[in-house]
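Student: Please take a close look at how side chains hold separate parts of this chain together. Start with the charged pairs, then move to the rings and the helix packing.

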Amino acid sequence: MTPRAQRSLARFRTLPAGEGDAPDIPADAANFADALLAGLRSDPKRISCKYFYDSEGSRLFEKVCGIPEYYPTRTELALLKAHAPEMTALIGAEAEIVEFGAGAGEKIRPLLDALERPRAYLPIDISGAYLRGIAARLTEEYPALDIRPIVADFTRTVVLPSASDARRVGFFPGSTIGNLAPQEAQQFLANAANMLKGGGLLIGVDLVKDPGVLHAAYNDPAGITAAFNKNLLVRANREAGANFELARFAHYAFYNPMQRRIEVYLVSNAAQRVTVCGRTVAFAEGEAIHTEWSYKYTVEDFRRLAASAGFVPRAVWCDAERLFSIHWLEAA
Ligand SMILES: C[S@@+](CC[C@H](N)C(=O)[O-])C[C@H]1O[C@@H](n2cnc3c(N)ncnc32)[C@H](O)[C@@H]1O
């Protein structure tokens with residue numbers, strides 16, 4: 001058990017009887033074991049989706065992107081390829097590009113190929129080893145470009161290398177913004193608007209659509225999305241001394257049209273007890289751990305959200321089927 005997890009346990013032990021049953025996830029929980037234990041002791045049980053992404057989680061997400069039913073990746077990539085000249089004209093020459101949640105680093109390529117003398121590329125991701133590997137590959141392919149990977153949680157203050165005089169532009173593809181609840185998304189955008197003053201943000205946003213299409217995208221028959229979701233339990237067993245039996249939990253994802261979001265859970269298929277960080281966590285039969293939201297927006301709703309965070313919404317690109325959107329937001 002990590003010292004941080006031990007401190008967590010000590011914290012729970014000193015809580016008065018009754019108050020330790022449903023603690024909030026502590027705001028400063030930088031460590032997976034701490035956050036996991038706190039989340040499993042909350043009611044309802046939950047864990048932030050940012051913990052999906054250890055190296056194996058990042059590799060599984062790459063596989064998710066290739067699932068036929070998972071339309072966001074291919075649709076957004078096609079939009080980037082088709083409109084790179086307009087997008088890079090808006091970004092401008094000699095810009096410094098900061099990418100939030102860079103993942104496999106595929107979506108930056110059409111922009112890098114079209115940008116005029118980019119000064120630097122700063123990919124940020126929480127999945128450290130994976131990010132370094134991706135950055136090394138891009139460095140081989142773009143030897144003239146200054147590439148500086150930053151392992152960080154973009155929902156917190158991220159320290160960037162000291163500001164150059166280059167125009168700074170953000171890139172946030174993948175509709176990762178949808179994993180944040182609207183209030184958190186507004187907070188993220190407000191921070192980004194501050195960081196990117198004088199520049200802008202190019203951001204991919206998944207659109208409200210036929211619930212059947214959304215449902216299929218998160219419930220592939222090959223079970224790749226289920227494996228991605230269950231990787232949280234694999235990670236818990238490895239990093240938090242847990243003993244989850246994967247077969248005793250089911251992947252459960254559905255579209256909630258009232259909230260306009262996909263909701264993802266791991267559901268216990270029996271009454272059971274699991275050990276996490278040396279503590280026992282009890283599950284009732286059918287009890288769920290919430291693992292992810294993926295909010296969907298209309299174009300207008302997202303423009304309103306961006307404006308409320310201090311951006312001036314400008315160009316929007318959508319595919320012909322209106323599955324996905326990419327927005328250019330100016331940080332005035
Ligand atoms: C939905 S994937 C998108 C990946 C890629 N941008 C794409 O469009 O395919 C989210 C990415 O953001 C990263 N990520 C998620 N939450 C994060 C956080 N709080 N801070 C930094 N990176 C995060 C994950 O590691 C992952 O690479």
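Tutor: A salt bridge here is a side-chain nitrogen of Lys or Arg within 4 Å of a carboxyl oxygen of Asp or Glu. Asp 54 and Arg 238 form such a bridge, and their closest N and O atoms are 2.6 Å apart. Asp 54 lies in the loop between strand 1 (45-46) and helix 3 (55-65), while Arg 238 belongs to helix 9 (residues 224-239), so this bridge ties together parts that are 184 residues apart in sequence. Keep in mind that this is a predicted model.

Is Asp 54 buried or exposed? Asp 54 has 9% relative accessibility, so it counts as buried. The cut-off for buried is under 20% relative accessible area.

The two elements around this bridge also pack. Helix 3 and helix 9 have axes that come within 9 Å and cross at roughly 160°. Helix 3 is therefore roughly antiparallel to helix 9. The crossing of helix 3 past helix 9 is left-handed.

Now the other charged pairs. The whole structure holds 23 salt bridges. One of them joins Arg 137 to Glu 106, with the closest N and O atoms 4.0 Å apart. Arg 137 sits in helix 6 (residues 128-141), and Glu 106 sits in the loop between strand 2 (95-100) and helix 5 (109-114), so the pair ties together parts that are 31 residues apart in sequence. Arg 137 is partly exposed at 41% relative accessibility. Glu 106 is also partly exposed, with a relative accessible area of 36%.

A further bridge lies within one helix. Asp 301 pairs with Arg 304, and their closest N and O atoms are 2.7 Å apart. The two residues are 3 residues apart in helix 10 (residues 299-308), so about one helical turn separates Asp 301 from Arg 304. Asp 301 is partly exposed, with a relative accessible area of 27%. Arg 304 is exposed, at 53% relative accessibility.

Some bridges share partners. Glu 94, Glu 116, Arg 117, Arg 119 and Asp 165 are joined into one network this way. Take Glu 116 from that network. Glu 116 is in the loop between helix 5 and strand 3 (120-125). Its relative accessibility is 47%, so Glu 116 counts as partly exposed. Glu 116 and Ala 95 lie 21 residues apart in sequence, and their C-alpha atoms are 8.3 Å apart in space.

Next, the rings. There are 21 aromatic pairs in the structure. Phe 244 and Phe 249 have ring centres 5.5 Å apart and planes at 75°, so this pair is edge-to-face. For edge-to-face, the planes must be over 60 degrees apart. Phe 244 is buried, with a relative accessible area of 6%. Phe 249 is buried at 1% relative accessibility.

Phe 244 has another ring partner, Phe 283. That pair is edge-to-face as well, at 6.3 Å centre to centre with 65° between the planes. Phe 244 lies in the loop between helix 9 and strand 8 (249-256), and Phe 283 lies in strand 11 (residues 279-283), so the pair ties together parts that are 39 residues apart in sequence. Phe 283 has 3% relative accessibility and counts as buried.

Phe 283 also meets a charge. The charged end of Lys 45 sits over the Phe 283 ring, 5.0 Å from the ring centre. Elsewhere, the charged end of Arg 235 sits over the ring of Phe 32, 4.4 Å from its centre.

Ala 282 is found in strand 11. At 39% relative accessibility, Ala 282 is partly exposed, whereas Phe 283 is buried. Ala 282 and Leu 266 are 16 residues apart in sequence, with their C-alpha atoms 14 Å apart in space.

One aromatic group remains. Phe 52, Tyr 53, Phe 61, Tyr 70, Tyr 218 and Phe 228 are linked by ring pairs into a cluster.

Terms used:
Residues numbered from 1 in each chain as written. Predicted model: local features only at pLDDT ≥ 70, side-chain atom pairs only at ≥ 80, totals over all residues. Heavy atoms only, no water. Helix = DSSP H or I, 4+ residues; strand = E, 2+ residues; numbered from the N terminus. Buried < 20%, exposed > 50% of the residue type's maximum accessible area, 1.4 Å probe, protein only. Phe/Tyr/Trp six-rings, centres within 6.5 Å; stacked < 30°, edge-to-face > 60°. Lys NZ or Arg CZ within 6 Å of the ring centre and 35° of its normal. Axes fitted to C-alpha atoms, helices over the stretch in contact; angles between N-to-C directions. Parallel < 35°, antiparallel > 145°, perpendicular 65-115°, else oblique. Left-handed = near helix turned anticlockwise from the far one by under 90°.
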